[in-house]
Structure formats: C-alpha cells, structure tokens
Amino acid sequence: MSVLTRDEAQNRARLLDVHRYTIDLDLTGGDDTFDSSTVIRFTVRADQDATDTFVEVKPAELRSATLDGHPLDPESLTENRLPLKNLTPGEHELRVTARMRYSRTGEGMHRFTDPSDDETYVYTQMFMDDVQRVFAAFDQPDLKAVFDLTVTAPEGWTVLANGITEHLGDGRWQAAPTPPVSTYLVAVAAGPWHSVRTEHRGLPFGIHCRRSLAPHLDTDADEILDVTRACFDRYHEKFDEPYPFDSYDQAFVPEFNAGAMENPGLVTFRDEFVYRSAVTDTERQTRAMVIAHEMAHMWFGDLVTLRWWDDIWLNESFAEYMGYQTVAEATRFTDTWTDFGITRKAWGYDADQRPSTHPVAPESVEDTASALLNFDGISYAKGASALRQLVTWLGEKDFLTGINNHFTRHKFGNATLADFIDSLADATERDVHTWADTWLRTTGVDTLTPHITPGENGVCTLTVDRTGTRPHRIAVGLYDQDLTDEGRLTLRERVELDIPQPDGTHPIGKRPALLVLNDGDLTYTKIRFDPKSFHTLDENLSGLPDPLTRAVVWNALRDAVRDGELPPATYLHTARTHLPHETDLAVTQGVLAFATTQVADRYTAPDDRPAALATLSSLCRDLIRRTEDGDHPGLRLIAVRHAIDVAAQPDTLAAWLADGTVPGGPELDPELRWRILGRLAVLGATDETAIAAELDRDPSATGQEGAARCRAALPDPDAKDAAWQAMFTGDDLSNYLFTATARGFWQPEQADLLRPYVTRYYEDAVALAARRGPAIADAAGRWAFPVHAVDADTLRLGEECLRDADPIPALRRKLIDQLDDLARALRVRQA
C-alpha cells in the first residue's frame, strides 16, 4: 500500500476544498466483505490550472468509479490510489462503489463473533490511513468535510455513529450529518449492543458493550457515567467553546488495538475496561483517566485538528495531561499523578533513551508510516510531562487563556505548533517560543544531581548539576528524621528552584536527612541523590509521607538500575524491605512490575534468577499476610497476582486452583484462574486436558485468549511448534489471539527448549509483518520478540535483520527498540 507523504498532502490541500461525503455501507453481505458506496463533493480552487490528484481506496473489488458522471477505469487503481486526472477549477463529484474486506486485526472495519453467544459485532478504526479500508476518501487530516452516513445492518443490530442515528426500517440506519471533521475520525459501530442511555445538559449520552458483557457493564454503569458527567462539566468550566457535537456515546468494543479512540460523538474503548473480574481502584482510576483523555480530544484533536502528523503532540500530549489533571480535579480519584509518575512517565523515559527517540514536536514527519511510529511514550507521557512543566512555569490561568485563544481561532479547522504557541504567547509575558524550542524540539532526558555543601552556623547550600539543556522549575523536598518514629520522615520544607539556578547555589538550612529533587514530579528529568540521602532511603524510603514523593524516588532507583549505577539485587533488596509497608496501589503495582518483568526476567543473570524470584515471592507473601484483615483488597489482589507470576513451585498454585480460592480470599475469578493455569503451564504442572476443561468453564473471548496463552506456554516441543505455526505460518489469528499466543510462548524457564526459535524469529517476523500489516507487525515486535534471550547472539541476529531484511516500518521500529533494551540488559548484567 502506498503511504501518503507530507509533500503530497500539502500539494493536495492547496488544490482541493472537500465539502461533503455521502457514504452508504451495507453490512449484510456475509462474513468476509461488505459493500461501500461513497459520493465526495469537492472543489478545485480557482487559482489552479487543470491538474491531477488521487483519492485513496483499498477494496477487495473496485466495482465502479465516476467523476462528474464520467466513468473512471477501475483498472487504473494502483495499490490504494485511484487517479483523478485533468481536474479543472470548480465543483466536482466523485462516486465510488466497492466491496471491502472486514478486518481481523483491528484496522479498518473489524469484525468479531463472540464465542460466548455467537453474536457478531463490527466497528471501525479509521486512524491514520485506515479509512480507505472502509470507503474512498481524500485521506489526510486537513481536508475536513461534513459526513452523511447511512448503514444497512442485519435485523436486530443497532448502528452507532458520530452523530445521533435513526432507524429507518428494514435494517437501514441514518446518522445525523457531522460538523466538519477529518477522515480518520469517522466512526461506525454496529451489532446487537447492550446499551445504557441517559441525558446530560440536554445531550444524549450512552455506553454500549456486547451482550455477553451486559451484567458487568450494568454493575459499573453508574461509575462510568458519573465520571463522564463530571469530566464533561469540568471541561466546560475550563474551555470557552462548548462541546461541539450532538451526542456522546462510548462503545466498549472487542479486540481493540489501542486503549481508546477519540471519534467525535462515538468514542471506542477496548472492552477490557468492562471488568469481568476483580480490579484494583488504580485500575478503575485508569479507566476514568482514559474517559477523560478521550473527552479532552473532543476539543484537542476533533474541534481543532493537527494539520499534519508532525503535530501529534497537539492531540495526544494535551489529552494525556488533561486526562490526568481533570480526573484529579473532578472525580474521587485524586492521586492520578502518582500513577502517571510510576507508570506512564517511565514509558516516556524509556522511549526517550532509545535510538528511535524523537522530539515531542518533530520538525518534519515525512509520511503516514513514519507518523504511526510516533504514537509512543514521547508523544503521550513526555509531552504531558512537558505540559505539566509548562503550567508550573506559566501558571494555569495564562495556560487556559492560551488554550481558549487557540480554540476560538481554529475551531473546526486545523492548526500547527506555531499556531498554538502564538495563542499562548498572546496570553503571557513569558517567552513561550523559546520554551517550545527547548522542550518540544529536543530529545533525551536531563539528569539533575544535588550537591550539599556545609557552611557557617550549620547552614548548608544546595548546588544542582544538570546533564542536559532544558530549564526546569522544580520543588526540592527537605526531609528530616522523625524523632518520635525512627522510620518516619517529615517534610521540613519544599523549596521552589529554577534550574539552572541564577546564582548557582541555594541556602537550605541544616543538612536534611533526605533531599529529593523534583519533589511533586512537576518536571521531566532523571534525578540522583547525595550519599547521605541515599543512605536514608535505604533505611527509610517507606517512611516518606507522600505517595507521589515515593513514586519519584522509586523512579530514580529504576533509572539507576537501567543506567547500570544500582545493582539489580540492591533494587530487589530495597523492594523487599519497603514495599511490604507501601499503602499506595499504583506504587506497589509499578515497583512489582519492574522488579518482575525487568529486574528478575532480564537484568538478572540466569543463575541468579531463582534467588530473585524467591525474594519476590517472599515479598508477596508478606503483602498477603499484611492484608488478611480484608481492609486492603486492592493491595491483596496485586500481591496475589504477582505471587502467581513469580511462583517457582506449582504446589500452592495448584491447591488454590483446586479450592477455587486463595486462603483468606480472594475467590478465584476468571482472570485469576487463567493466570494460575498459565503459570502452571510454564512450570510443566498442567496439560491440554486441564486447559480444555478451563475453556469449557469459561468459553468467552477472554477464555479463548487464556487458553491460547496457556497452550503456548506448555514446555512441550509439539505445543511450541503448534503455537509458532499459528503465529507465523497461518494468518487466521486475530490481533488478540496472536498477542495471547505470543505472550505465552517465550518463558525464561524454558530457554533451552526455545533456543531454536530465537534464530527463526527474525526471518519469520519480517515475512509475517509484510503479509499482515502494521497492527500484527507491532504485536510481533512487542509480544513475540524473545525478550528472555539476553545474549550477544540474539543481538547480533537482530542487527543483521535490520541491516539485510528490510522489515516494514512498524516492525523495524519495534526491533530497534527491543534490541536497544536487550543491549541495555546486557550492560546491566555486566555492570
């Protein structure tokens, strides 16, 4: 498929004004294809001579195309481009009819049949350049148009779209015309949905899921709608422009590749957010944040849209920042920035230290394939961190004034970084242009290191060394030992500093027991500790009173491990010492996840791994014992999950599975049962009979994924071969079943059995990605990569693949990142 370049998009935008799409989709034609009819009304600008351009469409069969009533040759379609020749200035009408393929990979029009009840659902994901899998379009974000949509669906289905839909009878549904929106934001979701509908501020609100999840959606409907209403109201307090669409539907759809998608009026979410098993309050907070994130996009991205994909940050960084901030302001989830600090920010730090790093706002993104690669920890987490720093530096009042300037100037249009900075500049005396150049046009992570110098009368001074170039406004936390409680630290003072410091030093009084740079996590930087502070943390980390401060400290220790400055065993010792006393769910989960998947599985040499797992098992047992009173169900659930994941012997897990409960709770729900069975499979303590029996017990889509993961995890040559063939030879696995199989396949405990597959991986992954496209390429690079094989041979094979095999961009980017992480793991082991 030809990808659209920036130059091509700019040339076409100078040539055309697109006014209206009239689209008719017929979803009644069978399991594999659907019919698509499109009428596009557009104008060639008067200052243009007769010229050529093209429209994008990627059909199974192009049946007909006419331009101004004159037929076009379907054979002229080259890959996904239909040429439009000798266009003269003035009005034009293009008609295209085609048969289109349903997707099984979450791209275009995805089709899913629920194994629980055999009901079928379809939904669109048009993002970047997938609209052409559904209907013909001038597919670029700055050619906005009005969309009229009609859908014919099977009897008993409901059709959702960007606007309010009306059932016309005989399976025909008509959606209200949209305001001007970009092609990638058009959305359809059709099927026998279970819906909960209400109204807020005169607008229809709805939440929808497949029927088999109806009881679980109903259980959480009040919470989901309460969060939705609270965020909606808070955005109307922040933004002068009212919500710009006619309704607000949220559809939880199966096998969705992203967390969610901001289609105006019809946000689609992965339906794992409809919880069918127990979750922690932090996971509920994450769902609330995603709701707020996608709603922020109604303004940042939908009302005002980027002109080209180099300004992804104008969408994602803002929605990320607004999501966390607004949930903290408007809902019961007030500690969102702790979760951001321990989870999302680490994603940004990691991405920003790889060879594939890029500025938050790159100078240029050459084409759509390159743009797709930038939806990463930099565009989301680093960009949101930069905005949080901007608000700290600018002040929220001026920041919101600048945002509202931006909406007023560009509503229902397109804008660039320069446009946004100009809107901010009009709201403040500060030099936001220089700030943008320093923060948004640069790459990498700064490091701040404190130096404390004793002075006269016990007054110490602080000097902060900066590795990097960005200015930072930070808070410095000064903590003293609590004399009444030896393990507790008390905050003496938070000092605000600008880095670099104008006079080089800052008086801080008597020497604190602990000094924490970037306390409150208001900027984006790595931090280090002075020797006395590090010693204090070794003994008293859990005595810090604020969970956000603890998150900053744990992130610093994480960075030190990754940089080879702190031995992995020391990190595990610190976790073993302090995590049993942790009260914050996000911190507990974040530390255990890093300790398990990175420290134990990658940074620790194979001979030392049993000891690392034993340490983590002991830690989890302490947490389980501590939560026996039932007062901390979230902490207990986290501890039980991780106890399962690090178990080295099967007996306890097998007893839990047989009894259907962990002694003292919780009872085993489907997620925990599949988790236990997966670990038993890794340890060779279960078999196909048990997996099949569990699938009979839970035949849902999630059960199918659990069974695929367990089967791939069995330490049996035939099981491994069957899983490999399913992933890399057959093309029948959906995106979710592919991921489940891949996640089961590679296991550190099975290194000898898996060694031949490490060699096969690169060639097979390149071929698979070329056949099945970016979504499966991403999954093959992320989940099917042999992350356990931390050795020079794996690195060499990967480097040869990048040099000689020409993987498609989505896979190439994933391999670059995985190989850099692998090289880092080797350095950590050697250090």
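These legends accompany close-up views of a predicted model.

Strands of a sheet pair through backbone hydrogen bonds, either parallel or antiparallel.

**View B. Strand 12 meets strand 13.**
Strand 13 covers residues 172–175. It pairs with strand 12 in the antiparallel sense, over 4 bridges. Look for His 167, which stands opposite Trp 173 in strand 13.

**View C. Strand 10 is enclosed.**
Strand 10 spans residues 146–152. Why is strand 10 largely enclosed by the rest of the structure? The reason is burial: 7 of its 7 residues are buried. Buried here means under 20% relative accessible area. In a regular strand the side chains alternate between the two faces of the sheet. On one side of strand 10 sit Val 146, Asp 148, Thr 150 and Thr 152.

**View D. Strand 10 pairs with strand 1 and with strand 13.**
Strand 1 and strand 10 run parallel and share 7 bridges. Ile 23 has Leu 149 of strand 10 as its bridge partner. With strand 13 the sense is antiparallel, and strand 10 forms 4 bridges there. Thr 152 stands opposite Arg 172 in strand 13.

**View F. Glu 61 sits in strand 4.**
Strand 4 covers residues 61–67, and Glu 61 belongs to it. Is Glu 61 buried or partly exposed? It counts as partly exposed, because its relative accessibility is 33%. Beyond its neighbours within four places in sequence, Glu 61 is in contact with Ala 98 and Arg 99. Now find Tyr 324, 263 residues away along the chain from Glu 61. The C-alpha atoms of these two residues are separated by 45 Å.

Strand 14 is formed by residues 188–191. Val 188 and Ala 190 are buried on one side, and Ala 189 and Gly 191 are buried on the other. Both faces are therefore covered. Strand 9 (residues 120–125) is joined to strand 14 by 2 bridges, and the two run antiparallel. Strand 11 (residues 158–161) also pairs with strand 14 in the antiparallel sense, here over 4 bridges. Which residue of strand 14 is the bridge partner of Tyr 123? It is Ala 189. Ala 189 is also the bridge partner of Leu 160.

**View H. Arg 287 is buried in helix 3.**
Helix 3 runs over residues 281–297 and includes Arg 287. Arg 287 counts as buried because its relative accessibility is 3%. Its side chain reaches the backbone oxygen of Phe 273 at 2.8 Å. Leaving aside neighbours within four places in sequence, the contacts of Arg 287 are Asp 220, Glu 223, Ile 224, Phe 273 and Tyr 275.

**View I. Asp 339 is buried in helix 5.**
Asp 339 has its place in helix 5 (residues 336–352). At 8% relative accessibility, Asp 339 counts as buried. Not counting residues up to four places away in sequence, it touches Thr 282, Gln 285, Thr 286, Tyr 324, Arg 344 and Ala 586. Take Gln 285, which is 54 residues from Asp 339 in sequence. In space, the two are 8.9 Å apart, C-alpha to C-alpha.

Rolling a probe the size of a water molecule over the atoms shows where empty space is left. About 510 Å³ of space lies in this second largest pocket. Its lining has 23 residues, and those closest to its centre are Pro 606, Pro 748, Ala 751, Arg 755 and His 788. Which helix gives the largest share? That is helix 23, with 4 residues.

Technical notes. Residues numbered from 1 in each chain as written. Predicted model: local features only at pLDDT ≥ 70, side-chain atom pairs only at ≥ 80, totals over all residues. Heavy atoms only, no water. Pairing = 2+ DSSP bridges. Buried < 20%, exposed > 50% of the residue type's maximum accessible area, 1.4 Å probe, protein only. Polar contact = N/O pair within 3.5 Å; in protein donor to acceptor, adjacent residues only side chain to side chain. Contact = heavy atoms within 4.5 Å. 1 Å grid on protein atoms, 1.4 Å probe; cavity = no way out; pocket = protein on both sides within 12 Å on 5 of 7 lines; lining within 4 Å. Points joined across faces, edges and corners; volume = space filled by probe spheres on them.
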